[in-house]
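Dear colleague,

Here is the structure I said I would pass on. My notes on it follow below.

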Amino acid sequence: MAAAIHFPDLSPEIFVLSLGGFEFALRWYALAYIVGMIIAWWIVVQLVKRPALWPNETAPMTPKQPEDLLTWIIIGVVLGGRLGFVLFYQPAYYVENPAQILQIWRGGMAFHGGFLGVVLAICLYSWKYKLPVLSVGDAVAISAAPGLFLGRVANFINAELWGRPTDLPWGVIFPGDAAQFCPDVAGLCARHPSQLYEALMEGALLFALLLWLGVRRGWLKKPGAMIGVFVAGYGVARFLVEFVRQPDAQFVSDGNPLGLALHVGGYGLTMGQLLSLPMILAGFALIAVARRRIAQHA
């Protein structure tokens, strides 16, 4: 490689405590989840404290309710993310090893599954407490992007989910045999830091767009519009990053080196792209319906 960046000396563990023969480790990925959830809770509380932002000058929740909703969302993220990984990426393996399905500490979470888990949690919570589900979802949509940003940064620190080999000057030489297995590259193999691309697109840029539309442009008065922006925005970002992201190993073969989950004649889509397409379509449909509904009642 003519120019590349060596991966910094970072440990996935912040600290490790040994107590009575047991070790407790706080990892960056776990911290990203915790801090992301706290930030999301704080943002939702601030939004519902401003009734002027909402339809009929009425917030969808009281400032105390987001704390209860957070518990439901955490359960939805964990169960949905894990089951999504099992069903979307390695169903055959877990059919043979069902005892490992709930062993989340072994790794394996899927955003699309976690997203569906959050949707179900919001619907159930809103139904139970008779809240306007679309407006509750809009509040959560704005608050979710910072957590995505932190999660992708944690992926980078963990030196996981890296991209395809590249000779661009910002390519990163990740450690490990898997990252350095590049048959077409002589010497050290630099890869796209696709985790940081996702942190920027799914996290920082999407959050800025959501905040501007929701708070500055009044889109929180259009129930469902912010959900649509989040869903479509994430789908587009993930679809684009998949072009430089290393494919999942279970889809790679001699006849399919790009790891395409659906392909004809060497062209096709990765699993991430296949799962993102419905999000893009659903997101833009939600935006259109929300804007049309407001126009009809104007």
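**The nonpolar cores**

The largest nonpolar core has 39 residues, and Trp 54 and Phe 230 are the ones with the most contacts inside it. Please keep in mind throughout that this is a predicted model. Seven helices each supply at least two residues of this core: H1, H2 (65–88), H4 (111–129), H5 (133–157), H6 (194–216), H7 (225–241) and H8 (271–297). The largest share comes from H7, with seven residues.

For Phe 230, I left aside the neighbours within four places in sequence. Its remaining contacts are Phe 111, Phe 115, Ala 141, Ala 144, Ala 145, Leu 148, Leu 206 and Leu 210.

There is also a second, separate core of eight residues. Among them are Val 86, Tyr 89, Met 271 and Leu 275.

**The salt bridges**

The count of salt bridges comes to seven.

Glu 198 lies in helix H6, and it counts as buried because its relative accessibility is 1%, where the cut-off for buried is under 20%. Setting aside residues up to four places away in sequence, Glu 198 touches Arg 152, Gly 203, Arg 238, Val 241 and Arg 245.

The side chains of Arg 152 and Glu 198 meet in a salt bridge, with an N to O distance of 3.2 Å. Arg 152 is in helix H5 and Glu 198 in helix H6, so this pair ties together parts that are 46 residues apart in sequence. Both partners are buried. The two side chains also make a polar contact, again at 3.2 Å.

The other bridge is with Arg 245, where the closest N and O atoms are 3.3 Å apart. This pair links distant parts of the chain, since Arg 245 sits in the loop between H7 and strand S5 (262–264) while Glu 198 is in helix H6, 47 residues apart. Arg 245 is buried, as is Glu 198.

Arg 245 forms a salt bridge with Glu 242 as well, and there the closest N and O atoms are 3.9 Å apart. Glu 242 is buried, and so is Arg 245.

**The surface patch and one buried serine**

Which residues make the nonpolar surface patch of about 610 Å²? They are Tyr 33, Ile 34, Val 35, Ile 38, Ile 39, Trp 41 and Trp 42. Of these, Trp 41 lies in helix H1, which spans residues 28–48. Trp 41 counts as partly exposed because its relative accessibility is 32%, and partly exposed covers the range between the buried limit of under 20% and the exposed limit of over 50%.

Is Ser 126 buried or exposed? Ser 126 is buried, with a relative accessible area of 2%. This serine lies in helix H4. Not counting residues up to four places away in sequence, Ser 126 touches Leu 131, Val 133 and Val 136.

Regards

Terms used: Residues are numbered from 1 along each chain as its sequence is written. This is a predicted model: local features need pLDDT of at least 70, side-chain atom pairs count only at pLDDT 80 or more; totals for chains, interfaces and linings use all residues. Side-chain values use heavy atoms; hydrogens and water are left out. Patches are made of residues with over 30% relative accessible area and no salt bridge: like charges are joined within 9 Å, nonpolar side chains (Val, Leu, Ile, Met, Phe, Trp, Tyr) within 5 Å. Accessible areas come from the Shrake-Rupley method with a 1.4 Å probe; for residues, only the protein chains shown count as cover. A salt bridge is a side-chain nitrogen of Lys or Arg within 4 Å of a carboxyl oxygen of Asp or Glu. Helices (H or I, at least four residues) and strands (E, at least two) are DSSP runs, numbered from the N terminus. Buried means under 20% relative accessible area, exposed over 50%, partly exposed in between (1.4 Å probe, protein chains only). A nonpolar core is a set of buried Ala, Val, Leu, Ile, Met, Phe, Trp, Tyr and Cys residues joined through side-chain atoms within 4.5 Å. Contact means heavy atoms within 4.5 Å. A polar contact is a pair of N or O atoms within 3.5 Å; within protein, one must be able to donate a hydrogen and the other to accept it, and residues adjacent in sequence count only if both atoms are side-chain atoms.
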